[in-house]
Amino acid sequence: MASEPRDFNHAIQYEPDETPPYRIAIGLALQYVVLTIAAIVITVAIVVRAAGGSEDYLSWGSFAVLIVSGVTTAVQAARIGRIGAGYVLLMGTSGAFIAASVTALVEGGPALLASLVIASSLFQFGLSRHLALLRRIITPVVAGTVIMLIAVTIMPLLFDLLRQVPEGSDPLAAPVTAGATVLATLLIVLRASGVMRLWGPVIGIVVGCVAAVSFGIYDFERVAAAQWVGLPASGWPGFGFSFGPAFWALLPTFVFVTLIGAIETVGDAVAIQRVSWRRSRATDFGAVQGAVAADGLGNLLSGLLSTVPNTTYSSSISLAEITGVAARRVGVCIGLTFVALAFLPKIAAIVLAIPDPVLAAYGFVLIGILFVIGTRVVVQDGIDYRKAAIVGVSFWAGVAFQEGALFNEYLSPGLAPLLENGMTAGGLVAILLTALLEFTGARPLRVETTLNVEALPTIRNFLDKFSIRRKWQMEMSDRLLQAAEETLLLLLEEAKEGEDAGDRRLRVVARKWGTGAELEFISAGGAGNIEDQIAVLASHGTAEVQEHEISLRILQHLATSVRHQKYHDADIVTVHIEGPVRGGG
């Protein structure tokens, strides 16, 4: 009997297009919902309470966010037209949106928040089709810096919440409940494995609530007063059409955060495909585009319903991998369950009754981990002194503007609100520095040819011309050519494996990179503009790098860094080669 191929995954019980019995689908849906409902509703509670919002708005925001999460999770699974990935991708609130949402509520209430979320969702729809156009400006360095600055913006708000307990409470109530939440959460996160680790946040919140009950600060009255079935008493708060200074000052912040959410969604959409099939298959980036479009739909609905934005949950990948069930039917059942729970106020009240110190402690762990994720995004492609300068200056500029230390008093009234948000200020600095690095460098040279062995002389002549312009000696020219030859072989192997070797085109772009060179090889099939075909870019890309690690290893002795991004019908290989210590260039 022939052995199974090495890429055969026996753990998958139901692939996306298979249909498990409803008892299995509904049972798994309930497990997914139990694991995530607290995180979804608690994010709303953190935002509203940190902004000093009313309890009526908190009830509405929690109701609306469950509706949006349910609808978009179902759409992600069902894939309606071009919207949705066609995979089980949970949708919910994200810590990345906390700082921006709090600021919007403080400046203009739910109406301003709704307007900003709607406007940023329109940006996300466009981004889903044209992300590649920004790939040299919105780099991992920029995205990671913005993620790190989220912690700078939101942590002071969480520190304030840590002390918020009812008047007359025991002085130890806040520190004990917060400490119990953090310790229990970290104990599970650090020591548990498998499915138990996924329960870490839930267990931490439960432990914190038990401590809160012992001090009498858990709001049982709220739970008792909530109906079992019904709608929020306050009703829809509406949204505003007044595009005043606060709207324009905060719009870049929401665009930044939406961009970060889109990048995260791209990574999640690539990863979920890897764990959903028994046999590995090429990544479908039509599904990735659909996932980002569904993300935009979720933000549009969030704005229309006046609640906080949402995005995909990376835990979807872990859950699919652990359960072995990736059927779309499960995703639809999860979505319907979220919608059903929205009309059960008693369930939401149990979560909303959690005391502020427990919420703040949960957010403390969440945002702390988010900060480290930002650092990982920064260094995912390696870091040199240029990237270090951009990250360091941008991060501390964001901190300084946030603290009012960079002569904020001299800013114009229209500019001051924009730069007083550390995430926006630092993000703008990172983008400006990256653009400066990109546009002040030497003009790149490029050549386009067909992807075949006969292209090598064309590439050789092209690189000789580039080396002469840089006044490099023969040794550096040979390294460029060797790297080009290995990359060409890699792309030919990829095209052959994909049974798409015919009629593929190759664009080679060479540009100065410090004292050396950056070579970018873009291979795509079919007619039309190459840039149009790479409109969705796997910006996280780490899974792809791992997949092709063996193929790329031969380049490592020639290059400082190598990055391979593969998707649908296109490949991009970026090679950095350090230049000579002495001599020209």
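**Close-up views of a predicted model**

**View 1. The hairpin of strands β4 and β5.** In this predicted model, strands β4 and β5 form a hairpin that has 2 residues between them, and Gly514, which sits in the turn, has a positive phi of about 65°. The two strands, β4 covering residues 504-513 and β5 covering residues 516-525, run antiparallel and are joined by 10 bridges. Across the pair, Arg511 stands opposite Glu518, a residue of β5. Strand β5 is mostly covered, with 10 of its 10 residues counted as buried.

**View 2. Helix α5 and its buried residues.** Helix α5 is made up of 19 residues, numbered 173-191, and from its first C-alpha to its last it reaches 27 Å, which is close to the 27 Å expected at 1.5 Å a residue. Its buried residues include the alanines Ala173, Ala174, Ala178, Ala180 and Ala184, and among them are also Thr177, Thr181 and Thr185, together with Val182 and Ile188.

**View 3. A nonpolar patch on the surface.** Three residues, Tyr22, Ile26 and Leu30, form a nonpolar patch on the surface, and together they have about 310 Å² of accessible area. Tyr22 belongs to helix α1, which spans residues 22-50.

**View 4. Two cysteines, Cys209 and Cys333.** Cys209 has a relative accessible area of 11% and is therefore buried, since buried means under 20% relative accessible area. Cys333, at 11% relative accessibility, likewise counts as buried.

Note on methods
Residues are numbered from 1 along each chain as its sequence is written. This is a predicted model: local features need pLDDT of at least 70, side-chain atom pairs count only at pLDDT 80 or more; totals for chains, interfaces and linings use all residues. Side-chain values use heavy atoms; hydrogens and water are left out. Patches are made of residues with over 30% relative accessible area and no salt bridge: like charges are joined within 9 Å, nonpolar side chains (Val, Leu, Ile, Met, Phe, Trp, Tyr) within 5 Å. Accessible areas come from the Shrake-Rupley method with a 1.4 Å probe; for residues, only the protein chains shown count as cover. A salt bridge is a side-chain nitrogen of Lys or Arg within 4 Å of a carboxyl oxygen of Asp or Glu. Helices (H or I, at least four residues) and strands (E, at least two) are DSSP runs, numbered from the N terminus. The expected span of a helix is 1.5 Å times one less than its number of residues. Buried means under 20% relative accessible area, exposed over 50%, partly exposed in between (1.4 Å probe, protein chains only). Two strands pair if DSSP finds at least two bridges between them.
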